[in-house]
Amino acid sequence: MSHKNVTGDTASRSELDAFRELQQLAYQAASDVAATLEPGVTEREAARRIREHLEERGVQDWFHTPFAWFGDRTAFRNFHVPLQFFPTGRRLEEGMPFILDCAPVRDGYVADIGYSGYLGENPLHDLLMDDLRAHRDLIVDRVRAGDTLQDVYRAVDALIREQGYENRHRIYPGRVIAHQVGKVESRLPRAIVAGFGVRSLQTLFGDLLVERVHHRSPLWADGDVSAHPATPGMWAVEPHIGFRDMGVKFEEILVVTEDDAHWLDDDLPHVRRWARTSPAPTDTSEETATA
Amino acid sequence: MSTRPHRHVTATDGQRLAVYSAGDPSGPTLVLVHGYPDNASVWDALAADLAADHHVVTYDVRGAGRSTAPDDRSGYLLGQLADDLRAVVDSVSPDHPVHLVAHDWGSIQTWHAVTEPAHAHRFASFTSLSGPDLDHAGHWLREAPDGVRNVLRQAVRSSYIGFLSTPGLPEAAWLSGIGGLALAALEHVGGGPRVPARRTTRDYLNGLALYRANMLRRFTRPTGRRTGVPVQALAPTHDAFMVDQVQSNAGRWADDFRFHRFHGGHWSLRSRPAPVARRVRAFVAEIESGAPRPVRNLTAHQARRHGGAFAGQVAVITGAGGGIGRCLAFELAERGARIVAVDVNGPAAERTAALCSLVTPGSAARRVDVTDAAAMDELASWVREEYGVPDMVVNNAGIGVAGPFLEATTEDLERVVDVNLWGVINGVRAFAPMMVESGGGGRIVNTASAASYLPSRLYGAYSATKAAVLALSHSLRGELAGRGVSVTAVCPGLIDTGIVSSARVSGLGEVSRTKDRLNRLYRLRGYTPERAARRIADAVESDPEMVPVTSEAHIGLALSRISPAAVRGYARVAPPL
């Protein structure tokens, strides 16, 4: 069971490589499908394309099936019940932001990624994407420093507020900014219930129970149960910021060891984008849009 | 302007239109289109003003003044009226696009012309006074994007259309003189010196065909008519026939749109042309300068959501570096306003302005301490220099002070009075005079608080300052009502803005623990500043006296009126902090 993973040894180098490879594959799927999106495509159609793309490449199961959000749904406007996260018949239009989010499982390894884009040009969307960079840096720095997850969450919140944006990850069930992932080793049949793979859910609930005993949680939010430093293991971290009708996020795995933390992979679309637009980290208030 | 036509232009169906011109023929050409039941003489005062530096052309619409009248009602269809305008424009300025100014029915037909792809390239700009496009209005009435309440308000003001469409009745009214008396009474609405209209019986009678030929058809089967011609709509604050929204709604159909108000009634351009002349002059100069037109960056949803009630306006917001002020800046920017973001925290104000400018270009930030009267005066003259007189001033900067009054320090008390009360006073004194002097139409919005009518042992000093802001707003509203500037007090309630984190707390034990609990309360309440800003912007459109934002602000207000004793009892309750 994965709680061995999350409470104790970090996966071996070859295991990390396998996680990294799957994360690459998932990001590749999202960016390939994003390039095919044209006006008129529905969220369901986009989600189906990701699913087929990944299943052709050996993905057998899902932590959760692919999500696609278009327009103001990227900022979770008027989301009241979790069912609203599932893809709808909304059609993409010129001048709409979109987010693709999927969590494939292959040979027990899990990836959980989020990819943000915009159909057309909007310098504001570019700025939001650029401003995510400060969050990626902030999160790993604070986790490394041994801050509690609650404090890191609040630091991210403060940065979002300073940037003039809204925290949108608080709309996720449990207000989570991240959740633990680990290798899925289950004997349950591969089945999808309400968008989530039962094997992965079994793993997650197992972790919830084990961690609860240690007064910790595999879910990272701003409540008191997150008032502990990050548990060693792998965390799928998904800061999601919003401005008006636009939401942007990334989601990738943060590897936490007993005394350090690092992002699983730096060769991802959003990280490459930052390297392209401004090679050195910049102060958010001085950033300018690159149209 | 001369009473004899300077030329006659022959329309496509052979009618002859009387055209008058004045002013400097080398200046930009303005073509002015009058409404019903007027003739070209309605423009005399405005044309005299604008003729100083423009080539001003007016004409009598078919059936009115010295133009001929078609025999058949079909001669008054909108398509034909748009062709007439085109014929006049081609005759007076064959080489250069002209600037259009139109009033009432003139505006209706000019809208039809600028939304006609075959004509649009002949027009450089369009200033619309008290007249919507009938198709736009048809959509507005059917879909009620600005609310059913506004549609009903407009229906009341449009009731005369039913009267004018009834066969025989309006003719009898005009010929008997009763109609003329009723109209004279309506011309008093909006105040101002009275300049008698120069109309003939012919103007009253022929123009009835305008209503009878067009209204029903356009309202029942409106089509989608867009335009790329830059449009500014000017709405008098006391228009007897038109609510603001039916005119500002045109922002949904015009790519380059702005909306301003001025103090006056439906016909006040006859007696007080100055505010209109000022806007026309500035707009024409802006277009003639050839400066690139501002391009807004809107998502598909944003572009659909709003009319143009704040389009092209200038809003000064204090305390715009965070909380409700910042979110209101974003909200108004999304609705098309340029924002002057003012805050004592310079970088925060700049961040607000930068984000606003990415939605609607042209926002700016100023670091000003609202407690400094001289600095506020300086800000006001800077804004006037850079942007002109603002359409809206939001005195929003405020700080929180909590804890027992007797344990607060003198310093804290002076500070909260300085920021919360003197900040508003300084803002009003800096901006209100120029808003009145420029012809009115502006809005002053002061942020008070639900604490101003809900006393509590928890925040005595804070509620005192906010009650003073509320009282000042009420009185100021009365004082400025006759001068066309509206004053609104906003009473938010519990909004999760982080005001607690920066508040001064006295005598409540360990401060951070108290703040944690208060912060949690605000977070649990979950009313975001974004939502508050949306609610405020929606409400301010119709110039209410007070805007309670959250439900507790509404309930508290009702309770303070129904049962003051209950509110007094609440003031004694010790909060579990």
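Tutor: Let's begin at B:Ala144, which takes a positive phi of about 45° just after helix H5 of chain B. Bear in mind that this is a predicted model, so please read the angle as a computed value.

H5(B) covers residues 134-143, and its buried residues are B:Leu134, B:Asp135, B:His136, B:Ala137, B:His139 and B:Trp140. Buried here means that 20 or more other C-beta atoms lie within 10 Å of the residue's own. What covers these buried residues of H5(B)? Part of the cover comes from three helices of chain B, namely H3 (105-114), H11 (208-220) and H12 (244-248).

Further along chain B there is a helix pair to set beside this. H18(B), residues 410-437, packs against H19(B), residues 460-481, with the axes 9 Å apart and an angle of about 15° between them. Angles under 35 degrees count as roughly parallel, and H18(B) and H19(B) are therefore roughly parallel to each other. The crossing of H18(B) past H19(B) is right-handed. On the H18(B) side, the residues making the contact include B:Leu413, B:Val417, B:Leu421 and B:Val428; on the H19(B) side, B:Ala461, B:Thr465, B:Lys466 and B:Leu472 are among them. By class, the residues of this contact divide into 15 nonpolar, 2 polar and 1 charged.

Chain B also meets chain A, with 19 residues of chain B in contact with 19 residues of chain A. On the chain B side, helices H14 (300-305), H15 (323-334) and H16 (346-359) each supply at least two residues. H16(B) gives the most to that side, with 7 residues. The residues of the chain B side divide into 8 nonpolar, 6 polar and 5 charged.

Taken along the principal axes, the C-alpha atoms of chain A fill a box of roughly 45 × 40 × 35 Å. Buried residues make up 49% of chain A. Of the chain A contacts with a separation of 6 or more, 74% join residues 24 or more positions apart.

Technical notes: Residues numbered from 1 in each chain as written. Chains lettered and ligands numbered in written order. Predicted model: local features only at pLDDT ≥ 70, side-chain atom pairs only at ≥ 80, totals over all residues. Buried ≥ 20, exposed ≤ 12 C-beta atoms within 10 Å, placed from the backbone. Contact = placed C-beta atoms within 7 Å. Helix = DSSP H or I, 4+ residues; strand = E, 2+ residues; numbered from the N terminus. Nonpolar A, V, L, I, M, F, W, Y, C, P; charged D, E, K, R; others polar. Axes fitted to C-alpha atoms, helices over the stretch in contact; angles between N-to-C directions. Parallel < 35°, antiparallel > 145°, perpendicular 65-115°, else oblique. Left-handed = near helix turned anticlockwise from the far one by under 90°.
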